[in-house]
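Hi,

Here is the structure I said I'd pass along. Have a look, and then read on for what turned up in it.

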Amino acid sequence: MDKFATLEPVKLYASFTTTAKPAQKPAQRPVFLGRLPQDLHLLVLARLPIPDLPAYAASSRALAALVRDADSNLWKTKWNALAIEKNQLANVLDELERKSNAKTVVSRASAPPTLAVDDDFGDFEAADVLTPPPDEMGDFVGAFSGVHISPPSNVLFETPAAKDSKDTYRGKFIRAFNLLKPLLRLLDSPPHLVLSQLAEAVTTPTTPIPLLLQAKTLRLLSFLLSPVVQPVRKWQVQYMSLRSAMDRFDANLLAAFDNADGKADESAMRDAAESSWQVWDGAGDWELGKVWAEKREIFYQTGDWNPLDNFTKDGGLAFDAMDSFMEWVLRAISEHGARAVRIFPPPSQVLLSFADRIANEVVGEYVTSLLSRARELSTDTYLKSVAASFRESWRMVDAILEAAKQRDDSNIPKTRAEDIVYRMFEVNMDEYLDEEAEVVKMAFDSICKGWDYDSSSSLAKQEAARFLSSQNPAQVKRNVLGAFTNLLLLPVTIVPRTVGAVGGALMTGGSAAVQGISMLNPARWGGTTQNENNNTYSRNLNTHGSSLLMDAEDDGGLLHKRGQDSVSLTQFETLSPTPLMSAGTSQQPPLSAASTVGEDTHQLDLLLSLDVALELIHADREALKRVETFAGYPGHYGHRVKDTIEELFILFLQGLGERHVTTGFNKATERMRSYKPAEHHETANVAPLEQFFELVHIGDTIQSMVQVYFDKELAPHIDKTDFLNAVVREKKRFENTLDDSVAAGLNAGTEVLMNQHPAKAH
């Protein structure tokens, strides 16, 4: 082996400097017919009247082949312009063809007899002047038949072979054109004769539903006399005559419909309605459907219902009057709406237009008067009236959908029915959402100010909490949270109604909140010997003289009932280890070292209150449930409703955190730092530190209540995993603030504990 072949270097990797470009398909070159592209010729042909096509096709063999191309865009566009398949007008052509064939048979029968001619070459054997080929159009019958021109050998383009099948666009269009063209001559007659001549040309005494067939014929002629087809050169003049005839025909149908409506003849009403829908030009409102709706008596009987009947003599709300009003509205929708579905064609959507008019002219006017009066009474009454009136109006949706079931092809989705109520109520949404947030903000401020005032005036006289003194503090917390969770399951009254006694006391709204406050009393599970009848404080949340019963559909239909042993709203008293906004005067003797301190320590465990937290949650939940009534709103107001729901919870966290929890812990920290162990040397325990531990238990319970409230009420409206969400961020800030407050208090307590030993040593 004297020599070795030299190895060529091999590229293992592609170069980073050059990027591989995908292979691009070469652009298709346009096909030219003469000096112009084929597409340009097609555009010209599409804008030519039918009589001018032969002249254009005679310009060259290539153009003639292009015109005779059965599947070209030219014939496809003209066939689609007739909209025969889309509007189910094929039966018109079938009827015209049947009558044309019958005339041909009669013409053959009445033609004079002919003698046989000795035709040696057969040049005239296939000619039939009575029935020309179906693929020929009147102006150039036989122009290209029997002629075959072979292209020269040096032709630069191909000429597609003509297809004469009736299944092609060209074949179908020529058939329709030949059947409809004789009718165009009738449009040149005097206006008062056009309809009668068209009816004679289309229908026969045995034709079923002659009105509908005439209407479809008029509609098909309107499609034929269009700028896309241009069947004749004077198509615009004939179209004006046709439009005049269609208007006269529609007026006759309206009279026939009114006559049938007076007789309650739904079959005749349906024929007239479907025929009128066929000749409607689509501009403005459909006259027949509009006239039918205007004659319904519901629009002229609104004076029988007074919106002010929904208010009691003392300014309260009782929506029994609106219940009766809506029952009347729903009966009208059920009766007239169901008939509209049966007699009117589904594309007309008369049921929706009828319901929309009821919503705006009947229900909308009623609601506007009701809300105007509610606004005059109070903002709270206004907010409750808005949510209640919307809930009542929403009953229209079910009535519309139920009426639509009269016909399988009614094509009325649920969203279209809901949009009717949404559009009606949009005028009230901006003011309502703004007021809801403002009222909640003022309620939180009032609760916190009341607590600050009462706690500062009578705090030293209150009884200490019982978390630490109980046998099982963890079980106490679980019981408190369990009772609070059950409290969140209680309904919030959206539609208030005045009722009598129904088997005992009925508890909703404020009474449910009172019962919830009692269930959150840790002393009930703390294992202490506290007397349940101790009148430490008494609170009455009753604000209305009458009982309010929630509608069965409100908040899942939950109805909270009490038996004969239930206490009434005016008799209920709550016992709590922490004071409410009105404190009692009598005191139970102290039961622990935590309560044996002097007045200068100001019991730290009374700086926070579960009752205040519950009051804030209750106020926020009532507003939240009202706003949730509008949670399904689409579009702009849907976003506003979602933002308001988040804003309500953020205001709640700010009120609870900044105005109550943080303030309480700050006061506790300051008092611990001012505590002097030397002045309390007879006490074995560091009282402020023990009280602060009790305060931490209360704060931890409040945080757990906030978490339960968040999971139950707000989590369905937001994404809990979205750390950029305003609610999630505010909740995290609340938790961090609570942790920081506890840490600051523990630091102060540690200093107090460290100062205790030097004082004892001294």
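Before the rest, a word on the basis. This is a predicted model, where local features need pLDDT of at least 70 and side-chain atom pairs count only at pLDDT 80 or more, while totals for chains, interfaces and linings use all residues. Residues are numbered from 1 along each chain as its sequence is written, and side-chain values use heavy atoms, with hydrogens and water left out.

Back to that cavity (on a 1 Å grid over the protein atoms alone, a set of points where a 1.4 Å probe fits but cannot get out; lining residues have an atom within 4 Å of a point). Searching the whole structure gives seven cavities of 30 Å³ or more.

Now the charged pairs. The whole structure has 36 salt bridges (a side-chain nitrogen of Lys or Arg within 4 Å of a carboxyl oxygen of Asp or Glu). One of them joins Glu431 to Arg375, with the closest N and O atoms 2.6 Å apart. That pair links distant parts of the chain, 56 residues apart: Glu431 sits in helix H16 (residues 414–458) and Arg375 in helix H13 (residues 350–377). Glu431 is partly exposed at 39% relative accessibility, as is Arg375 at 28% (buried is under 20% relative accessible area, exposed over 50%, partly exposed in between, with a 1.4 Å probe and protein chains only).

Helix H16 also holds Asp434, whose side chain meets that of Arg640 in a salt bridge at 2.8 Å, N to O. Arg640 is in helix H20 (residues 635–673), so this pair ties together parts 206 residues apart in sequence.

Glu735 and Lys731 pair at 2.7 Å between the closest N and O atoms. Both lie in helix H22 (residues 726–761), four residues apart, about one turn of the helix, and both are buried.

Cheers

Technical notes: Helix = DSSP H or I, 4+ residues; strand = E, 2+ residues; numbered from the N terminus. 1 Å grid on protein atoms, 1.4 Å probe; cavity = no way out; pocket = protein on both sides within 12 Å on 5 of 7 lines; lining within 4 Å. Points joined across faces, edges and corners; volume = space filled by probe spheres on them.
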